[in-house]
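Please walk through this model with the sequence and the 3D view side by side.

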Amino acid sequence: MGGAVVDEGPTGIRAPDGGWGWAVLFGCFVITGFSYAFPKAVSVFFKELMREFGIGYSDTAWISSILLAMLYGTGPLCSVCVNRFGCRPVMLAGGLLASLGMVAASFCRSIIELYLTTGVITGLGLALNFQPSLIMLNRYFNKRRPMANGLAAAGSPVFLCALSPLGQLLQDHYGWRGGFLILGGLLLNCCVCAALMRPLEAPRPTSGPTPPRPSRRLLDLSVFRDRGFVIYAVAASIMVLGLFVPPVFVVSYAKDLGVPDTQAAFLLTVLGFVDIFARPTAGFITGLKKVRPYSVYLFSFSMFFNGLTDLTGSTAGDYGGLVVFCIFFGISYGMVGALQFEVLMAIVGTQKFSSAIGLVLLLEAIAVLIGPPSGGKLLDATHVYQYVFVLAGAEVLASSLVLVLGNFFCIRKRPEVAVGEEERHKPPADVRVDSREVEHFLKAEPEKNGEVVHTPETSV
């Protein structure tokens, strides 16, 4: 697929690492919050929808599933739109679609219509906001990028803690139709965030003709030739198989142990509260000068920590044990959320990130649709929640091993000839931030992404 890029990011300009970037960070915080929390917050309306349409819980649960599938599965489409039209126009269109979907849903007369409006239209709108917001954050932050991505990722637990009780309040006062209508109005704030995504402008040349802007493919499939990207994509897909399973089943697990409903639901509050602080903390630590070159190993450790927490959580026999599990799961889950896109940016660089994230989200969409249902089938077959947690933990542990071993053997240890060739063609020292970063993240040939300062370690 060919075509010129309308807003591909200026070449030859440093990321400001501040200034208007803080407004971009705020917009990304809000967009991330809506994108990840909205599919879960809508679930508070499910019981009233079941009474309204005379359907079962599995039928209503498809609304959230379709929302998530659109958020992840439309990644390549978002990449094409961003590379063709730019981030800001795509986000404005996405905000209008997300709002329109919820407003239209308030007039629906069947569950099929809800699938189309709340699931497909709103899900597509959120997807068109989420991916471009990360791309803009990648352009505006360089040295402070890990911290910025950690703060942006904190939008997910913050909005989850806010939208769920808000949805319940709206349902109690206005019913599900009035609640959907008001939530549709709230989603118009995505358009406000889109307006904050001001494109960076390259400085005008003092003399001579303006160099032509290089063309770029609408969807750059050359990222699959990057060993680092392939390893990351495989590891992330395996991780997503088990990452979202424990939060789905932990409340039911507690009820199965005889815990009252109110106390069981409080477990998710504990998890979300810890997650709020874990994400920016992980971003701050990753941004430290001595830590940042090794962020891929820190990401691998966070996945290992998460998988180990699942395995130990399967041994919990009372409510206190589940509370401890949720605390440690919130820490590890927050670390994963803060680092996953940081490492992807590190591997592919700024210019290929818009295509890379779309392809990764597509692969993760398949895993998202497989992971929780497979845990549910295992539970139906065994009626033992511990097995579900063990399966999820094993999958996340396997992903951490794929990432760390793949990075160590396939990227870090390159043939001596290739290394020697790289040394002979190494660019001047002022163009690079740290030679160890390339050693641990990139392929033998340094990435030419059009930036004056190229940082192979990058963020969320």
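How many residues does helix H1 have, and how far does H1 reach from its first C-alpha to its last? Helix H1 covers residues 21-41, has 21 residues and reaches 29 Å. That is close to the 30 Å expected at 1.5 Å a residue. The expected span is 1.5 Å times one less than the number of residues in the helix. Helices here are DSSP runs (H or I, at least four residues), numbered from the N terminus.

A word on the basis. This is a predicted model, in which local features need pLDDT of at least 70, side-chain atom pairs count only at pLDDT 80 or more, and totals for chains, interfaces and linings use all residues. Residues are numbered from 1 along each chain as its sequence is written, and side-chain values use heavy atoms, with hydrogens and water left out.

Back to H1. It bends by about 30° at Ser 35. A proline, Pro 39, follows within four residues. The bend is the angle between axes fitted to the seven residues ending at a position and the seven starting there. Of the 21 residues of H1, 17 are buried, so the helix is largely enclosed by the rest of the structure. Buried means under 20% relative accessible area, exposed means over 50%, and partly exposed lies in between (1.4 Å probe, protein chains only).

Now turn to H14, residues 319-348. At 1.5 Å a residue, its 30 residues should span 44 Å, and the end C-alpha atoms are 44 Å apart, which agrees. H14 bends by about 30° at Leu 339. It is mostly covered, with 22 of its 30 residues buried. Just after H14, Gly 349 takes a positive phi of about 85°.

Aromatic rings come next. The structure holds 19 aromatic pairs. Rings of Phe, Tyr and Trp (its six-membered ring) pair if their centres lie within 6.5 Å; planes under 30 degrees apart count as stacked, over 60 as edge-to-face and the rest as tilted. Why is the pair of Phe 130 and Phe 341 edge-to-face? The ring centres are 6.0 Å apart and the planes stand at 65°, so the pair takes that label. Phe 130 sits in helix H6 (residues 111-140) and Phe 341 in H14, 211 residues apart. Both Phe 130 and Phe 341 are buried.

Phe 305 and Phe 328 also form an edge-to-face pair, 6.4 Å centre to centre with 75° between the planes. Phe 305 lies in helix H13 (residues 295-313) and Phe 328 in H14, 23 residues apart. Phe 305 is among the buried residues of H13. Phe 328 counts as partly exposed, at 40% relative accessibility. H13 itself has 19 residues and reaches 26 Å, close to the 27 Å expected.

One aromatic cluster brings together Phe 244, Tyr 253, Phe 325, Phe 329, Tyr 333, Tyr 385 and Phe 389. Elsewhere, Arg 198 lies over the face of Trp 20, at 4.2 Å from the ring centre. A charge sits over a ring if NZ of Lys or CZ of Arg is within 6 Å of the ring centre and within 35 degrees of the ring normal.

Finally, check the backbone. Most residues other than glycine have a negative phi. Asp 17 has a positive phi near 55°. Asp 17 is found in the segment before H1 and counts as buried, at 13% relative accessibility. His 383 also has a positive phi, about 60°. Is His 383 buried or exposed? At 62% relative accessibility, His 383 counts as exposed. His 383 lies in the loop between helix H15 (350-382) and helix H16 (385-412).

Technical notes:
Helices (H or I, at least four residues) and strands (E, at least two) are DSSP runs, numbered from the N terminus.
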